[in-house]
Amino acid sequence: MTDYFVKSDEAAEFWTDERCFITELCNTGYAPGGSLAIARVEPGVTTQLHSLTALTETYVVIEGSGLMEVDGNRFNIAAGDQVVIPPGVSQRVTALGESDFRFYCLCTPRFCADSYVNLE
């Protein structure tokens, strides 16, 4: 049964050195093909410039707006927008406006901490 069912551990939001809050929704060795989290960036905050090795990260914006930087290119993003970030490419986002900026982070394959590279 454990190969088909992963019991919720009541995942709580936690603060990261990346300067944002993360809630992991799905990140298990039973499904190594991908992971899913929600990131929350407070107004005016810019996340740490970083890259991820050996995985693609896709942002799907839930609410708010942001200024996205991918490989030195900057563009505005808002609810419903998607950003696909290939492995090894630099990225960061700044939350714009008065409210929190929230987005899904879909990683393929699944996110592992040792894939994170701080570029600051």
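**Notebook: core, sheet and one buried serine**

I started with the largest nonpolar core: 18 residues, with Met-68, Phe-101 and Phe-103 having the most contacts inside it. By nonpolar core I mean buried Ala, Val, Leu, Ile, Met, Phe, Trp, Tyr and Cys residues joined through side-chain atoms within 4.5 Å. Strands S3 (35-41), S5 (56-63), S6 (65-70), S8, S9 (91-96) and S10 (101-108) each supply at least two residues of this core. Strands here are DSSP runs of E, at least two residues, numbered from the N terminus.

Ground rules: this is a predicted model, where local features need pLDDT of at least 70, side-chain atom pairs count only at pLDDT 80 or more, and totals for chains, interfaces and linings use all residues. Numbering runs from 1 along each chain as its sequence is written, and side-chain values use heavy atoms, with hydrogens and water left out.

Next I looked up Phe-101. Leaving out residues up to four places away in sequence, Phe-101 touches residues including Ala-39, Val-41, Val-61, Ile-77, Val-93 and Ala-95. Contact means heavy atoms within 4.5 Å.

Then the sheet. I find six strands in an open, antiparallel sheet, ordered S1-S2-S3-S10-S5-S8; strands pair if DSSP finds at least two bridges between them. S1 (14-15) and S8 (82-85) are the edges, each pairing on one side only. S1 is joined to S2 (residues 21-26) by two bridges, and Trp-15 stands opposite Phe-21.

Last, is Ser-51 buried or exposed? Ser-51, in strand S4 (residues 50-52), is buried because its relative accessible area is 6%, and buried means under 20% (1.4 Å probe, protein chains only). Beyond four places in sequence, Ser-51 touches Gly-88, Val-89, Ser-90, Ser-115, Tyr-116, Val-117 and Leu-119.

How values were computed: Helices (H or I, at least four residues) and strands (E, at least two) are DSSP runs, numbered from the N terminus. Buried means under 20% relative accessible area, exposed over 50%, partly exposed in between (1.4 Å probe, protein chains only).
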